[in-house]
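Hi everyone, thanks for making time.

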Amino acid sequence: MRRRPGIAGLQNAAATRDKFRLVGENVAKVRTDVMQEQLATFRSQLEEFARKHKSDIRKNSVFRQQFHEMCAKVGVDPLASNKGVWAELLGIGDFYYELGVQIVDICIATRSHNGGLIDLLELRKLLCQKRKTDLGSLSSDDCLRAISKLKVLGSGFEVISVGKKKLVRSVPTELNKDHNGILELAQAKGYVTVEQVEKDFSWSTDRAIDALETLLKEGLAMIDDGHRDGKRRYWFPCVTLSSDASGSEAKS
């Protein structure tokens with residue numbers, strides 16, 4: 001008959017488990033300390049890199065985007081605060097703060113025309129005109145980063161994707177899939193008709209009219225009844241300005 005382990009045996013087993021646990025905790029702590037030390041070293045090197053290339057980061061939009069991507073890999077956000085080492089090194093927080101203010105100004109100024117929905121490329125072009133710089137000096141990534149900092153102003157400012165376009169929304173309008181589909185369809189000619197929406201989406205007349213009238217009510221569309229065929233055109237300024245002619249400039 002097999003003998004059960006005695007008290008001493010149980011105590012020895014418990015002690016062994018404790019030793020293994022302590023060894024495991026020590027190994028984990030050493031690894032954590034080493035990783036933290038490596039991370040601190042990398043951050044220090046990143047700061048030195050920023051000092052050395054300060055001018056390029058501020059002036060070159062592509063270099064600036066690559067710098068942000070490098071910072072993200074080590075958990076550094078140069079835009080988190082206007083205080084501290086990054087503000088002193090680059091003044092980069094001030095750059096995006098100024099850009100954010102200018103974006104708000106442009107969105108408000110164009111709202112009566114586009115209903116508070118503006119193409120990202122059009123916004124970028126207007127920003128460059130306002131700043132009196134060429135398009136290459138300001139990337140779409142710069143605009144997106146500045147817009148992300150505007151969220152503190154409420155839900156009005158955000159970027160939405162409609163087909164291949166990115167649109168900046170500056171009013172708290174809730175767009176559903178029907179509305180997004182119509183906006184994407186309008187990119188071909190700048191306008192749609194009820195009949196076109198019915199045909200392309202296999203919708204009922206009531207569904208097409210309801211979605212179009214909602215967009216009209218929100219100020220995102222304008223109507224044009226001056227055609228011989230008698231068909232009403234719903235024009236969308238937010239997708240007609242800047243599109244194809246400037247497509248090559250959209251790359252950033």
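Predicted model: local features only at pLDDT ≥ 70, side-chain atom pairs only at ≥ 80, totals over all residues.

Three strands make it up, it's open, and the order across it is E4-E6-E5, with antiparallel pairing. As a quick reminder, strands in a sheet pair through backbone hydrogen bonds, either parallel or antiparallel. At the edges here we have E4, residues 191–192, and E5, residues 222–224, and each of those pairs on one side only. If you look at E5 and E6, you'll find 3 bridges joining them, with E6 covering residues 233–235. A handy spot to look for is Met 222, which sits opposite Trp 235 in E6.

Now, what packs on this sheet? That's helix H10, residues 205–217. H10 touches E4, E5 and E6, and its direction makes about 45° with that of E6.

H10 also has a helix partner, H9, which spans residues 194–201. How far apart are their axes? They're 9 Å apart, and the two helices pack at an angle of about 120°. So H9 counts as oblique to H10. Their crossing is right-handed.

And which residues actually meet there? From H9 we get Val 194, Val 197 and Glu 198, and on the H10 side it's Thr 205, Ala 208, Ile 209 and Leu 212. Sorted by class, that contact has 5 nonpolar residues, 1 polar and 1 charged.

That's my tour; happy to go back to any part of it.

Methods. Residues numbered from 1 in each chain as written. Heavy atoms only, no water. Pairing = 2+ DSSP bridges. Helix = DSSP H or I, 4+ residues; strand = E, 2+ residues; numbered from the N terminus. Contact = heavy atoms within 4.5 Å. Axes fitted to C-alpha atoms, helices over the stretch in contact; angles between N-to-C directions. Parallel < 35°, antiparallel > 145°, perpendicular 65-115°, else oblique. Left-handed = near helix turned anticlockwise from the far one by under 90°. Nonpolar A, V, L, I, M, F, W, Y, C, P; charged D, E, K, R; others polar.
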